Structures are given as structure tokens and as C-alpha cells.
Amino acid sequence: MSRSPQEILESATTIAVVGASRDSDKDAGSIPLVMQAHGFRVIPVNPYAVELFGEPVHRSLSEIPDHVDIVDVFRPSSETPDVARQAVAIGAGALWLQQDIASAEARRIAEEGGLDYVEDLCIAVTRARYQIDRRTT
């Protein structure tokens, strides 16, 4: 699959955030809030928290009972191949690696698993650039 970042976001409603943070001064804490404020359902994934962004936290992607349109990753590049495997296993629609995160192996795993793939790009910047807002659609 090879949809553009804009097309991926325009068709998404649910975003699982791997590496979500309780610290709103970190990108992994502030960006999910931005996406949530624009009508996206944000599902936090973090092994050390219970609740983030007013939502229950899941320890791994496999614990999420609902369909995930985008797996948004705030983890080091070296950890992304494992996240890609998990995203394929749950049938996510896309794997999105945040700004400054890239991995040829994660790309290969995601694309071979039928997922759209984005790397080294901020999901909130893309949302703003194309004025995508789930509250109005």
C-alpha cells in the first residue's frame, strides 16, 4: 500500500500511540493531545502508565480490543521493527514513525504486512498542514 500521509490521516479515526507520555512537555505527551482535540480517538500504549489523555493505557498493541487505523510511534528507531511486527499482527492500517524516527527494517515489515508507512514526519504537523479535523467530518 502506498497512500500519502494526507490520505492516511483523512481516512483515520483511531490512533494508537506507542510510547505515549504523561509529560505534556514531551512530544509524546503533547502531540496525542493535539490529535485528540481535533477529534481523533487516541489509544495510549505505555507499559508504565494506567491512564493518559483521559483514556485507559494498554501495555502493548495486542491488548487493544478495537481496530487501529494508525500506529503512531514515539520510540527509538531501534525499537520500531518490533512495533511494526505488532502493528501487522493487530491488522492496523498504517505505521507512522514520528519526526526523527526512521527504520528500513520497520518499513519492510510494515509494507510486507500490507500497512501504509510513514517515517520521520510529525502527525500533528501533517494534520495542521491539511486542516484535517475529525470534529467536522
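**Sheet**

I find an open sheet of five strands in the order β2-β1-β5-β6-β7, with parallel pairing. Its edge strands, each pairing on one side only, are β2 (41-45) and β7 (116-118). From one strand to the next the twist averages 20 degrees. I note the terms: strands (E, at least two residues) and helices (H or I, at least four) are DSSP runs numbered from the N terminus, and two strands pair if DSSP finds at least two bridges between them.

The model is predicted: local features need pLDDT of at least 70, side-chain atom pairs count only at pLDDT 80 or more, and totals for chains, interfaces and linings use all residues. Residues are numbered from 1 along each chain as its sequence is written, and side-chain values use heavy atoms, with hydrogens and water left out.

Ile-70 stands opposite Ala-94 in β6.

**Helices**

Helix α4 (residues 104-112) packs on the sheet and touches β6 and β7; contact means heavy atoms within 4.5 Å. The direction of α4 makes about 160 degrees with that of β7. Axes are lines fitted to C-alpha atoms, for helices over the stretch in contact, and angles run from 0 to 180 degrees between N-to-C directions.

How do the axes of α3 and α4 cross? They come within 8 Å and cross at roughly 10 degrees, with α3 covering residues 80-89. The two helices are therefore roughly parallel to each other (angles under 35 degrees count as such).

In α3, Thr-80, Pro-81, Ala-84, Arg-85 and Val-88 meet Glu-105, Ala-106, Ile-109 and Ala-110 in α4. By class I list six nonpolar, one polar and two charged residues in this contact. Ala, Val, Leu, Ile, Met, Phe, Trp, Tyr, Cys and Pro count as nonpolar, Asp, Glu, Lys and Arg as charged, and the others, Gly among them, as polar.

Methods
Parallel < 35°, antiparallel > 145°, perpendicular 65-115°, else oblique.
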